[in-house]
Amino acid sequence: MIDPRILREDPDRVRASQERRGASSDVVDRALSADSARRAAIADFEAKRAEQKQMGKKVAQAKGEEKQQLLAEVKDLAAAVKQAEAAQGVAEEEWKKALKAIPNLADDAPAGGEDDFVLIEKVGKPRDFEAEGFEPRDHVELGKLLGAIDLERGAKVSGSRFYFLTGVGAELEFALINLAMEQAREAGFTQVIAPALVRPEAMEGTGFLDQVDDGVYKIEDDDLYLVGTSEVPMAAYHSDEILDPDTLPRRYAAFSSCFRKEAGSAGKDTKGIIRVHQFEKVEMFVYTTLEESYAEHQRLLEWEKAFLDKLELAYQVIDVAAGDLGPSALRKFDCEAWIPTQGKYRELTSASNCTTFQARRLDIRARTENGTTPVATLNGTLTAITRAIVAVLETHQQPDGSVRVPKALQKWLGREVLEPIQK
């Protein structure tokens with residue numbers, strides 16, 4: 001959640017953020033109203049409680065009929081105190097609910113929706129297949145030629161948007177994971193295998209619970225959720241903890257399977273493995289101070305770019321518009337790789353600064369000279385396997401259907417070229 005002091009002291013800043021997101025500012029007014037009601041309820045309870053204490057002193061000193069009369073009043077006052085305490089509890093819950101309805105402050109993100117991103121840079125040039133004299137195959141055709149992707153059996157076994165990676169397809173996944181983990185280790189990240197099932201508290205704390213109906217799988221009987229990213233378990237990893245500031249930043253590179261309903265993507269990317277229900281990902285996650293989070297955000301982006309450079313891809317970096325941000329993110333940078341057969345750039349990685357938004361919900365703090373303060377959390381995709389495979393296969397294909405292996409992956413795949421098993 002946002003810092004309540006900002007809401008109280010500068011509500012217009014919060015309204016401006018909502019406007020940048022293309023969202024209603026009604027949540028701001030509701031939260032301010034709930035805060036006022038909460039403060040009034042606290043004052044009423046404390047006043048009645050103080051009166052009750054004073055009355056208790058009078059009873060102790062009174063005698064006879066006066067004492068009996070005061071005892072009757074004490075009984076009535078005790079009921080009023082209990083009622084005021086209950087009202088305070090309700091007001092407190094309404095305040096928390098109203099505050100949690102406000103997304104992070106998108107002060108620096110471009111205003112607008114999905115198409116209003118700002119292009120930061122383009123890296124590399126897309127291959128000119130026409131100049132090379134052949135029509136590029138898409139990753140589905142290449143996957144068949146290489147014996148790497150089996151969509152038909154994926155659909156037979158599990159339904160649409162499922163797949164098997166076989167042969168060099170499976171090898172390519174492991175190679176990408178190994179390359180990502182190697183880079184993360186060299187950058188000082190602690191490697192983690194994260195659980196793919198989490199409790200509701202983790203989902204709520206990271207801001208994903210509101211997306212359950214559209215994008216998240218829930219196991220009703222066990223009250224557990226399948227994660228769409230290991231950001232969720234990693235954000236909750238230090239929940240309810242006070243961290244030593246000398247240990248910050250804490251950097252983790254987490255591997256997990258990821259699951260997404262893709263309920264809102266009917267008709268989008270129905271062919272191939274760009275938009276699927278299950279995939280694997282290596283996610284960078286960082287705990288640091290609020291002050292340092294902005295520089296750390298840039299470092300995450302540079303690590304993502306370095307990985308895409310190792311895959312020898314052409315890509316662009318965009319500053320995502322406020323209306324396309326999740327509720328937790330203050331700002332997000334996406335790296336989008338050029339997909340030849342689609343003739344456009346597609347998202348491969350994202351890096352988000354969530355500042356103290358998630359830490360406030362999950363009660364993750366650092367001890368400072370002035371007490372404890374919420375830490376900042378950041379996340380960044382190092383590699384999302386299926387999309388990386390799409391980009392590598394289509395970018396480095398050759399006229400005969402073989403695929404040149406980027407140099408950085410060769411030691412993991414043990415070959416320089418992936419050869420077709422079908423002609």
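Biologist: Which residue in β7 is the bridge partner of I219?

Modeller: The partner of I219 is L224 in β7. Please note that this is a predicted model, in which local features need pLDDT of at least 70 and side-chain atom pairs count only at pLDDT 80 or more, while totals for chains, interfaces and linings use all residues. Residues are numbered from 1 along each chain as its sequence is written, and side-chain values use heavy atoms, with hydrogens and water left out.

Biologist: How many bridges pair β6 with β7?

Modeller: Three bridges pair β6 with β7 (residues 224-226), in the antiparallel sense. Two strands count as paired if DSSP finds at least two bridges between them. Strands here are DSSP runs of E with at least two residues, helices are runs of H or I with at least four, and the numbering starts from the N terminus.

Biologist: What is the order of the strands in that sheet?

Modeller: The order is β5-β7-β6, in an open sheet of three strands with antiparallel pairing. β5 (197-198) and β6 (217-219) stand at the edges, each with a single partner strand, so one side of each has no neighbour in the sheet.

Biologist: What is the pairing in the sheet that contains β14?

Modeller: The pairing is mixed in that open sheet, whose three strands follow the order β8-β14-β15. β8 and β15 are the edge strands, each pairing on one side only. On average, neighbouring strands of this sheet are turned by 40 degrees against each other, direction ignored.

Biologist: Do β8 and β14 run parallel or antiparallel?

Modeller: β8 (residues 241-243) and β14 (residues 364-368) run parallel and are joined by three bridges. E241 has I364 as its bridge partner, and L243 stands opposite A366.

Biologist: And how many residues lie in the hairpin from β14 to β15?

Modeller: The hairpin joins β14 to β15 through two residues. Those strands pair in the antiparallel sense over four bridges, with β15 covering residues 371-374.

Biologist: Let us change topic. Is C258 buried or exposed?

Modeller: C258 is buried, because its relative accessible area is 0%. Buried means under 20% relative accessible area, exposed over 50%, and partly exposed in between, using a 1.4 Å probe and protein chains only. C258 belongs to strand β9 (residues 250-259).

Biologist: What does C258 touch?

Modeller: Not counting residues up to four places away in sequence, C258 touches V227, G228, T229, S230, H277, Q278, F279 and K281. Contact means heavy atoms within 4.5 Å. C258 and S230 are 28 residues apart in sequence, with their C-alpha atoms 7.3 Å apart.

Biologist: Now the helices. At what angle do α8 and α14 cross?

Modeller: The axes of α8 (residues 168-186) and α14 (residues 385-395) cross at roughly 110 degrees and come within 10 Å. α8 is therefore roughly perpendicular to α14. G169, L172, E173, L176 and I177 of α8 make the contact with I385, A388, I389 and L393 of α14.

Biologist: How are those angles defined?

Modeller: Axes are lines fitted to C-alpha atoms, for helices over the stretch in contact, and angles run from 0 to 180 degrees between N-to-C directions. Under 35 degrees counts as roughly parallel, over 145 as roughly antiparallel, 65 to 115 as roughly perpendicular and the rest as oblique.

Biologist: At what angle does α6 pack with α14?

Modeller: α6 (residues 139-146) and α14 pack at about 80 degrees, with axes 9 Å apart. H139, L142 and L146 in α6 meet V390, L393 and E394 in α14.

Biologist: Which residues touch the most other members of the largest nonpolar core?

Modeller: L176, L393 and L409 do, in a core of 58 residues. α8 gives the most to this core, with nine residues. A nonpolar core is a set of buried Ala, Val, Leu, Ile, Met, Phe, Trp, Tyr and Cys residues joined through side-chain atoms within 4.5 Å.

Biologist: What is L409 in contact with?

Modeller: Leaving aside neighbours within four places in sequence, L409 is in contact with L172, A175, L176, L179 and L311. A second, separate core of 24 residues includes A202, Y225, V232 and A359.

Biologist: Finally, how many helices and strands does the protein chain have?

Modeller: The chain has 15 helices and 18 strands. Of its 423 residues, 49% count as buried.
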